[in-house]
Amino acid sequence: MAGVSQGLVSKWERGRDSPSEAELRMLEVAFGESPPAPGTAKAEPAKLQYRGRWLILDVQAGPVAQIEIHCRSKFHVVVPEALEDLARLLEAIRAAFADWLRNRAERDLFRFGRHHQARLGVEAKAFRLSQAKRRWGSCGRDGVIRVHWRLIQAPRVAMEYVVAHELAHLVHRNHSPAFWLKLAETMPEWAKAKELLERWERQVS
Ligand SMILES: [Zn+2]
């Protein structure tokens, strides 16, 4: 935490082209997590988790009107040169990532939803992202499937499992043997996926 508070009080100096690693670590804090502790004292670059992988944040100032996020093997973040105030800059990057991650989560949710509902012979009323406190997904009485947006940070198959699981509840509203058989129709490897989800959950909680 020492590095983080240091980043908080330090100023983003005029003329510097990117915030420091310590400053960027605030983003990890903003997302309520940090990568596994490094084995050495050497400073690790700031990272954010996306689809189960920790990607380095590479932040540069550039001639853009709004923050741009490009995801390749790293997160390439271009911030407007006019954004000089560190606190505002970090808040703007945090907000841009929140939007970006939600957008990707929505795309995956629809993709997995369409795929598995066709295979299960069911139809959800709608697919929505949630930010529920204690559950990754739910299947409402109204037929609406809700999945937590943070699952975009988990391995892909973990989110896929949650979507398929909730869709199978449209047929069986319980966890009876018949429910698990129904789920296996569309996701034979569901047990492995469930285990990955639980492992990821232990990492982030
Ligand atoms: Zn369930």
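Which residues in H3 meet which residues in H5? The legends below answer this and describe other close-up views.

The model is predicted: local features need pLDDT of at least 70, side-chain atom pairs count only at pLDDT 80 or more, and totals for chains, interfaces and linings use all residues. Numbering of residues starts from 1 along each chain as its sequence is written.

**View 1. Helices H3 and H5.** His 116, Arg 119 and Leu 120 in H3 meet Lys 182, Glu 185 and Thr 186 in H5; two residues are in contact if their C-beta atoms, placed from the backbone, lie within 7 Å. By class, this contact has one nonpolar, two polar and three charged residues. Ala, Val, Leu, Ile, Met, Phe, Trp, Tyr, Cys and Pro count as nonpolar, Asp, Glu, Lys and Arg as charged, and the others, Gly among them, as polar. The axes of H3 (residues 86-120) and H5 (residues 177-186) come within 8 Å and cross at roughly 115°. Axes are lines fitted to C-alpha atoms, for helices over the stretch in contact, and angles run from 0 to 180 degrees between N-to-C directions. The crossing is right-handed; a crossing has this hand if the near helix is turned clockwise from the far one by less than a right angle, and is left-handed if anticlockwise.

**View 2. Helices H3 and H4.** The axes of H3 and H4 (residues 156-168) come within 9 Å, with a crossing angle of roughly 45°. H3 and H4 are therefore oblique to each other; angles under 35 degrees count as roughly parallel, over 145 as roughly antiparallel, 65 to 115 as roughly perpendicular and the rest as oblique. Their crossing is right-handed. Asp 108, Leu 109, Phe 112, Gly 113, His 116, Gln 117 and Leu 120 in H3 meet Met 159, Glu 160, Val 163, Ala 164, Leu 167 and Ala 168 in H4. This contact has eight nonpolar, three polar and two charged residues.

**View 3. The largest nonpolar core.** The core has 23 residues, and those with the most contacts inside it are Val 147, Leu 151, Ala 158, Met 159, Tyr 161, Val 162 and Val 163. A nonpolar core is a set of buried Ala, Val, Leu, Ile, Met, Phe, Trp, Tyr and Cys residues joined through C-beta atoms within 7 Å. A residue is buried if 20 or more other C-beta atoms lie within 10 Å of its own, exposed if 12 or fewer, and partly exposed in between, with C-beta atoms placed from the backbone. H3, strand S7 (144-148), H4 and helix H6 (190-204) each supply at least two residues of this core. Helices (H or I, at least four residues) and strands (E, at least two) are DSSP runs, numbered from the N terminus. H4 gives the largest share, nine residues.

**View 4. Surroundings of Ala 92.** Ala 92 lies in helix H3 and counts as partly exposed because it has 16 C-beta neighbours inside 10 Å. Not counting residues up to four places away in sequence, Ala 92 touches Ile 67 and Leu 83. The C-alpha atoms of Ala 92 and Ile 67 are separated by 7.7 Å, while the two residues are 25 apart along the chain.

**View 5. The loop at Arg 51.** Arg 51 lies between strand S1 (47-50) and strand S2 (53-62). Its phi is near 50°, a positive value in a residue other than glycine. Arg 51 counts as partly exposed because 17 C-beta neighbours lie inside 10 Å.
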